[in-house]
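Good morning, colleagues. Please turn to the sequence and the structure, which I shall now display.

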Amino acid sequence: MCMVIFAPIFAICAFATCAGYYGHLQVKVDCADRRSNLSINIDFGYPFRLQEVHFKAPLCEAKREEVIFLHGNFSSSAQFFLTVGVFAFLYSLLATIVYVFYQNTYLRNNRGPLVDFLVTIIFSCMWLVSSCCWTKTLSDIKTATTPTQVLLLISACRSQENKCTATQESPWSQLNTSAVFGFVNVVLWAGNIWFVFKETGWYKTGQRYPTRSASGKRTSEMRQRLYSGSSLEQPEEAFGPQLDRQNSFNQQVSRQSSFNQTQVSLSLPHAYLGKPVVYERENEVASQGPMIFVNEM
């Protein structure tokens, strides 16, 4: 997978360029009475708690200095961006080890791909949110550390008699690169969702077998007809005697069944006259008549 190769690299680049940044700003204050000509160095860096960054500036009206703090606390967005990068790097390494050495365990019961799919979606969303927040915070840091904003904090620079200039500005290329790497990680993890989804059982169950075309159906029907015709057409010479015997046997059976039917149809009950029987009723001689007997089958 592409995540195995590129995700750890871009995650390292994202949080390394953010956490390893140190800004340096230098301003110079020239008082009108020429009593002080001082260069002021201001250093700041990750986690960008600028309210804790302080420096000393001269007061031209008196021979003393004042302590000035920068404004703004941008640590939350920076730490959130860095945390997402670190955890994404660790998960990428863990996924690489599982893919290489525990492939069978990863695919067992389809739990590994499902967990990987959900974690990939979560990291994609986290990268998107953290990158957007970090980009907005980076713009605020640039505004809070511009020479114009810093010089306004110095009391001596508010007077038009004194001269205040910025001799060195902080470079922002490293922090800009970290923001770019953040969005690169968004694209990388979001694109990897599809590849992880293909490993899950949801993708396999959603597949449908392709239906055969009309030409394929016709070809299969022609093959089936040819196969059935070839199986039924057998040489008559090999089965000639057996067929004759079978036909003669069938004819005998049919004749015997027809003869039995004729016998059954002709064997009707016979009726004959028996001897006359005298029926007496109350000691009187009844009329005599023939008696009919039925020969039962």
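This is a predicted model: local features need pLDDT of at least 70, side-chain atom pairs count only at pLDDT 80 or more; totals for chains, interfaces and linings use all residues.

Two packed helices are described by the angle between their axes and the distance between the axes. Here, helix H2, residues 75–101, and helix H4, residues 111–144, have axes that come within 9 Å and cross at roughly 155°. Angles over 145 degrees count as roughly antiparallel, so H2 is roughly antiparallel to H4. The crossing of these two helices is left-handed. On the H2 side, the residues making the contact include Phe80, Phe81, Phe87 and Tyr91, and on the H4 side they include Phe123, Met126, Trp127 and Trp134. By class, the contact comprises 16 nonpolar, 5 polar and 1 charged residues.

I turn now to the core. The largest nonpolar core has 50 residues, of which Phe48, Phe55, Trp127, Trp134 and Ile154 touch the most other members. Among the elements giving two or more residues to this core are H2, H4, strand S2 (37–45) and helix H6 (173–197). What does Phe48 touch, leaving aside its neighbours within four places in sequence? Its contacts include Cys18, Tyr21, Phe74, Ala78, Trp134, Ile141 and Leu175.

Finally, consider Leu38, which lies in strand S2. Leu38 has a relative accessible area of 29% and is therefore partly exposed. Not counting residues up to four places away in sequence, Leu38 touches Val27, Lys28, Val29, Lys56, Pro58 and Glu65. Leu38 and Pro58 are 20 residues apart along the chain, with their C-alpha atoms separated by 7.5 Å.

Note on methods: Residues are numbered from 1 along each chain as its sequence is written. Side-chain values use heavy atoms; hydrogens and water are left out. Axes are lines fitted to C-alpha atoms, for helices over the stretch in contact, and angles run from 0 to 180 degrees between N-to-C directions. Helices (H or I, at least four residues) and strands (E, at least two) are DSSP runs, numbered from the N terminus. Angles under 35 degrees count as roughly parallel, over 145 as roughly antiparallel, 65 to 115 as roughly perpendicular and the rest as oblique. A crossing is left-handed if the near helix is turned anticlockwise from the far one by less than a right angle, and right-handed if clockwise. Contact means heavy atoms within 4.5 Å. Ala, Val, Leu, Ile, Met, Phe, Trp, Tyr, Cys and Pro count as nonpolar, Asp, Glu, Lys and Arg as charged, and the others, Gly among them, as polar. A nonpolar core is a set of buried Ala, Val, Leu, Ile, Met, Phe, Trp, Tyr and Cys residues joined through side-chain atoms within 4.5 Å. Buried means under 20% relative accessible area, exposed over 50%, partly exposed in between (1.4 Å probe, protein chains only).
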